[in-house]
Amino acid sequence: MFEDVLAFAALPLAAAIVFTGIHTWFGLQVLRRNVVFADLALAQMSALGATVAVVAGHAVQSIAGYAYALIFTAVGALLLTGSRGFARSVRQEAFIGVLYVVATASTVLVVDRSPQGAEHVKKMLVGGILSVTADELVKFIALYGAIGAFHWLIRRPLLAAADNPDSGTRQIAFWDLLFYLSFGVVVTSSVGTAGVLLVFCFLIVPALVGSLFSSRIGMALVIGWLAGTAASAAGIFGSFLLDAPTGAVTVVAFAAVLVIAGAVRAFITAPAKERCRNRQLGFRVGGLLFCFVLGLSGTWVVIAPAGDHPLLAAIEMATGFGPERFMTSRERADYLEAGLIEHRHKGEIDRLYDRERLSRWQGDELAPDEVRRIGSMQQTLTEMGRGERFVMDYLRTRGRERERWYVGLPLATFGFIGAAAIAWRTRRAR
Amino acid sequence: MPCATLACIVATFLASSAALAQKLRVVATTSDLASLAEAVTGDLARVETIIPPSADPEAFEPRPSDLARLKGASVVVRVGLGYDHWLDKLLSLHGDAAVNRRGAGYVDASFGIPLLEVKGSSVDPANRDGHAHGLANPHYWLDPVNAEIITGGIAEAGIRAAPEMAEKIIANRDGFLVWLKARLTEWEQLLAPHRAAPLIAYHNTWPYFARRFRLNIVDVIENKAGVTPSPARLAKLAATIREQKIRVIMHEPFEPEEASQLLARRTGAVVVTLAPSIGSVPAATDYPTLFDYNVGTLARALSAASN
């Protein structure tokens, strides 16, 4: 099993590091150009091309499929380059947004002609980085290495074009087009494997983290690579530990790395004066938010004890001090009994399920009436289990009705007084 | 004179056939139910399907044209069990009482089926078979024996809609069932050498098929419908495949194949694409060929794996 875990993790992690390598560079330029969502627009154009290829009868991984995606991405690159000329009067992000929604809507319309299109669209969104093969990885390294080397050679005019606010010249338009075309090639390749969501993370988060710590592009690139590698490793190994889909966990890991980097920048590595101010601000804002949430949660318990109380439930889980303590002895006995009965019903349902499942291939086949009897029992037990859960919910609410005066009211009082005290001190400090 | 008589007979026959055909219009939600409805009604009815062949029925969203298709239908046949839950909305918009719930032309084909993996009479999000909705596993048409119950419901509704066709409908159904029984014996013989063969499926589509052909589906890759399996789950499945010497992974054409292929690469098992419905693969053109394809493909894969 451990070998499988390593085998399943090694290639996706290597792919994620390769993606981080090239996307951080493009991300830094995207941030300089102020076109954060250009990636999403180009990725969606690429997805549109791939979808057209599928409807035309080509596999996404075939040369024809790749060509379709690339042609559509090139059209997107041309449109993005052209939109910079209009950006003097309107923000370029507006054009990028329009390109994104039109590409998405067109994909839906094209998918409508393909019976298996919904699955294809979903795959484009979430990707499948877990199933990347060694051959694909080699291709990524070769392609991104070549593009990276090419960009290294032309880095000065590219960066100058990104920084130059005077975007009307033909020279700038040429470098812009070259940037978007190569960006399109990278996005087309990576979206097919990592999906639109994860590619956006590879592009923006490491570049943001790098930019937080350095305005020099070389240093920002190195920091971005380190942050992206850490986030990728946390995401891929985190998905093993949490037993959750890799793409989604990796996106959350990138967000966590961004938050941690932001905290490190604000509270640890900022200049001394700024650091001191940030710490004070952090404590005040954090304290205010914490007290305010406590106050609201306590008030909600007082007003609606039968409602959902996620914060109170978390406190109860952590302290073991729940509504059971506020039940009468009779109610508590009924509450525990209902829990036991529900557990017993679940066990019986599982036993019936196993019996029927084993009979599919072991021993004599069960007669249809016997299968119906098992189904009927499962249905009855499920409904009885729900009945017991209803009893537990009712008794928990009774407990909460009493608990609200002992827990909810003090929580609300403490929260609002704390928030008021922090607000008063902040005002006095000014 | 004889020519004129013959022409008159042919014209009368054609006119009566056309009139009969116009009397019954059957709309089925899936291609499988449509094929069974065609077997029952023969040339007495026009049978239409709402979900296009080869589309994923569990991801289907109806369009305005589907509402138009329901208009004027004499019989509406559905899978039920929450599988085609969108039909309720279409039927409530449609408004024809005859094909709405409790109407003479309404057929919930799941009625009377010995259902597997029953959960309850209401929706429970904490279900375990990977179906996002539904009260039991809904893939019951994949047991040919259940065709008897499904066709019974369709025949009854057809007779209620057009009583004068009763004799023909009953004869059609009886003929089909006799023929299907003979084919079932052939299919069972084909898979008999592989009784109790352990298998992994991508989606929990095959419990009825497994029960009929005595197969052991050890686990499914997709734990929750539409959610990619986690790496930990894949590692556990890889260990199970090795421990239980599973040689075949059952896949469906519209499911993402990355996870199945990854497991196959890691364990040496073979991914076999089976048709959960008519039209899912080109070879599955009607109800019997659906089983011809599935049974034949699986038997070949299992034989090749055991050699």
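Two residues are taken to be in contact if their C-beta atoms, placed from the backbone, lie within 7 Å. By this criterion, 62% of the contacts in chain B with a separation of 6 or more join residues 24 or more positions apart. The structure is a predicted model. Chain B contains ten helices and eight strands, and 51% of its 307 residues are buried.

The interface between the two chains involves 35 residues of chain A and 39 residues of chain B. On the side of chain A that touches chain B, two or more residues each come from α1 (2-33), α5 (117-126), α9 (217-242), α10 (246-269), α13 (329-359) and α14 (368-429) of chain A. The most is given by α14(A), with eight residues. Classified by residue type, this side of chain A comprises 16 nonpolar, eleven polar and eight charged residues.

Two of the helices on that side, α13(A) and α14(A), also pack against each other. Their axes come within 9 Å and cross at roughly 160°. Angles over 145 degrees count as roughly antiparallel, and α13(A) and α14(A) are therefore roughly antiparallel to each other. The crossing of α13(A) and α14(A) is left-handed. Their contact is made up of 13 nonpolar, five polar and ten charged residues.

In soluble globular proteins, nonpolar side chains tend to be buried together. In the present model, the largest nonpolar core has 170 residues. The residues with the most contacts inside this core are Ala41(A) and Val199(A) in chain A, together with Val26(B), Ala37(B), Val75(B), Val77(B) and Ile154(B) in chain B. Helix α8 (residues 170-213) of chain A supplies the largest share of the core, 22 residues. When residues up to four places away in sequence are not counted, Ala37(B) touches Val26(B), Ala28(B), Val47(B), Val77(B) and Ile154(B). A second, separate core of nine residues includes Leu294(A), Leu312(A), Ala412(A) and Ala419(A).

Most residues other than glycine have a negative phi.

Conventions. Residues are numbered from 1 along each chain as its sequence is written. Chains are lettered from A and ligands numbered from 1 in the order in which they are written. This is a predicted model: local features need pLDDT of at least 70, side-chain atom pairs count only at pLDDT 80 or more; totals for chains, interfaces and linings use all residues. Helices (H or I, at least four residues) and strands (E, at least two) are DSSP runs, numbered from the N terminus. A residue is buried if 20 or more other C-beta atoms lie within 10 Å of its own, exposed if 12 or fewer, and partly exposed in between; C-beta atoms are placed from the backbone. Ala, Val, Leu, Ile, Met, Phe, Trp, Tyr, Cys and Pro count as nonpolar, Asp, Glu, Lys and Arg as charged, and the others, Gly among them, as polar. A nonpolar core is a set of buried Ala, Val, Leu, Ile, Met, Phe, Trp, Tyr and Cys residues joined through C-beta atoms within 7 Å. Axes are lines fitted to C-alpha atoms, for helices over the stretch in contact, and angles run from 0 to 180 degrees between N-to-C directions. Angles under 35 degrees count as roughly parallel, over 145 as roughly antiparallel, 65 to 115 as roughly perpendicular and the rest as oblique. A crossing is left-handed if the near helix is turned anticlockwise from the far one by less than a right angle, and right-handed if clockwise.
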